[in-house]
Amino acid sequence: MNNIFDLLLHEGIHTYKQRYSSATLPQVINEHKKTQKHKKGAISVTRSKEDLSTPGGVRGYVVTSKETLLEDFVELSHWNPNVHNYLGYSDVERRHLKGHTEKNLQQINTFVVDIDTKKQPYTEILTAALDHSVGIPTLILETPKGFQVYFVLETPLFISNQNDYRGLKVAKRISENIRRSLAKVLQGVDLSCNDFGFFRMPNEENIRWFSADMVFSMHNLIGWSKRQDDDQNRGLFVVESKGEGLDPTQTEWFQELVATRHVKGSHGQIGRDNLMYTLALACYSAGKGIGETLDLLDEYNSSLEVPVRHSEVQKIVKSAYKGRFKGASQIYIQELLEAWLPGKDVPVTNHLGGWYKFKKERKDRVRSHYAEWEDDLLAYIQSETSTVQPIVWTTQKALCVAIGMSRSTFNEVIRKSKKLLIKRIGKGRSAQTGLTSVDVLLQCALEYNQQHRSLYYEALTLLNGSRENASALWELENQLTLLTKFPESSSLIGKKFNSS
């Protein structure tokens, strides 16, 4: 647990208590010298899930040292692993927390995905993250109703108010793209989860997977997120555009959502509370008073087939009018329409949701970075390989034509890549080029049963003789070694791959 907290918190809080520490004076002095250049903040913790939604707000206490965390974590249920600049209490009894807002974040240490079902085991989450998202996660916790998946940053992202919290906006887009990528292949992914809110506290009982080596650089995550955005034809950053007197409450999407009656709350699905919060934000950005908005949502709630308590409506409106957001998000508007009005073509126009810096289509980009060409090759391999044939055989000319790159670029990408493996057989017109990737072979190792195991070893033996494959084969071996380090991962490999 000491290693896990070290990795997750990135020196964001003190190592030892500032008062009444059990550490010796030399230990405290040495630790202070080592970490004095790193600004210290605070995290908040709760003892139960019910403490997250009490009438007075979140009930818990502030933690400013790892020593306190190691003493108390067994009795705690939730925490916010992303460190805030400061935290305090909203009442004289010091029971209810204040200050845990996004703009008060000091540093972002991890992205967390909440999965509200156990219909798939955590081993499927590992392979889904490897094949369809940013890579194998750092930590997976089992919760009473599902799993929480941590993707820990190699170094923290420090948040400042420069450029209207641009770093925070980038982080939120990355978080959103990670959730969306997993939601395509896994059930129960909560797309509306608070990006940097409270999550389950790790302990010896709920940890199902942990690898200190599986951390993510912010640079690589930004590049990956940009590629995800390219697929959806949108830029990385959200910026405000000049409103031309557009009242969001008069838009078609607003009227359609207000007319819905069958919306309800559901685990892993954007639902009733999200819809009312979106409507409240639209009213706020339109300049409507809080009383007018409360009347509108109270009437809407009363018309629902499954309404919520009036106090919940009051809480939603009050939250929308705190001013943390300037209006409704186009992303959530679209998700609500898709979830509750499927098949209905409703235009989403919103004066606060403009996207900028649209990139050219991939085919229109004359010159591309090697990383993008590498991604094209990996996508081609993924589409052309199978369990029966993990290597795609073709001529180099045909391969370059299929992907749309020059031979010189192809050779340079192969030379630099740690993910691609190649085998050349023959010369001249009869020459054949075999191509595969670390991901494809690792997928064989993880997923294929006894009858396919020989194909994996056959492919590995064939590719092992080429110097060009050295770094990629090392990467494959490294990932397999990591997977076999943990006894709990035996069910992932089990009968499907003989780790010896």
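Counting ring pairs in this predicted model gives 6 aromatic pairs. One of them brings F5 and W79 together edge-to-face, with 5.6 Å from centre to centre and 70 degrees between the planes. F5 belongs to helix α1 (residues 2-9) and W79 to strand β3 (residues 78-79), so this pair ties together parts of the chain that sit 74 residues apart in sequence. Another pair joins F111 and F196, and here the arrangement is tilted: the centres are 6.1 Å apart and the planes make 50 degrees. F111 comes from strand β6 (residues 107-115), while F196 is found in the loop between α5 (166-183) and β9 (199-200), so parts 85 residues apart in sequence get tied together. F111 counts as buried because its relative accessibility is 1%, and F196, at 4%, counts as buried too. Back at F5, ring pairs link F5, F73 and W79 into a cluster.

F111 turns up again in the largest nonpolar core, which has 37 residues; I108, F111, V113, I140, F151, I178 and L182 are the ones that touch the most other members. The elements giving two or more residues to this core are β6, α4 (122-132), β8 (146-158), α5 and α6 (218-231). As for I108, setting aside neighbours within four places in sequence, its contacts are N82, L153, P156, L157, I159, L168, A171 and F196. There is also a second, separate core, made of 32 residues, with V112, C193, F199 and I207 among them.

Moving on to charged side chains, the whole structure holds 16 salt bridges. In one of these, K66 meets D6 with 2.6 Å from N to O. K66 is in helix α3 (residues 66-72) and D6 is in helix α1, so the bridge ties together parts 60 residues apart in sequence.

E292 pairs with K288, their closest N and O atoms being 3.6 Å apart. Here E292 is partly exposed, with a relative accessible area of 47%, and K288 is partly exposed at 23% relative accessibility. In the bridge between E412 and R415, the closest N and O atoms are 2.5 Å apart. These two lie 3 residues apart in helix α14 (residues 407-416), so about one helical turn separates them. R415 counts as exposed, since its relative accessibility is 58%. Salt bridges can also join up: E102, K172, R179 and D195 are linked in a network.

Finally, there is a sheet to look at. Its 3 strands run in the order β11-β13-β12, forming an open sheet with antiparallel pairing. β11 (392-394) and β12 (420-425) are the edge strands, each pairing on one side only. From one strand to the next, the twist averages 20 degrees. The antiparallel pairing of β11 with β13 (residues 432-437) runs over 3 bridges, and W393 stands opposite G434 in β13. Helix α12 (residues 370-384) packs on this sheet and touches β11, β12 and β13, its direction making about 95 degrees with that of β13. Helix α13 (residues 396-403) packs on the sheet too, touching β11, β12 and β13, with its direction at about 110 degrees to that of β11.

Terms used:
Residues are numbered from 1 along each chain as its sequence is written. This is a predicted model: local features need pLDDT of at least 70, side-chain atom pairs count only at pLDDT 80 or more; totals for chains, interfaces and linings use all residues. Side-chain values use heavy atoms; hydrogens and water are left out. Two strands pair if DSSP finds at least two bridges between them. Helices (H or I, at least four residues) and strands (E, at least two) are DSSP runs, numbered from the N terminus. Axes are lines fitted to C-alpha atoms, for helices over the stretch in contact, and angles run from 0 to 180 degrees between N-to-C directions. Contact means heavy atoms within 4.5 Å. Rings of Phe, Tyr and Trp (its six-membered ring) pair if their centres lie within 6.5 Å; planes under 30 degrees apart count as stacked, over 60 as edge-to-face and the rest as tilted. Buried means under 20% relative accessible area, exposed over 50%, partly exposed in between (1.4 Å probe, protein chains only). A nonpolar core is a set of buried Ala, Val, Leu, Ile, Met, Phe, Trp, Tyr and Cys residues joined through side-chain atoms within 4.5 Å. A salt bridge is a side-chain nitrogen of Lys or Arg within 4 Å of a carboxyl oxygen of Asp or Glu.
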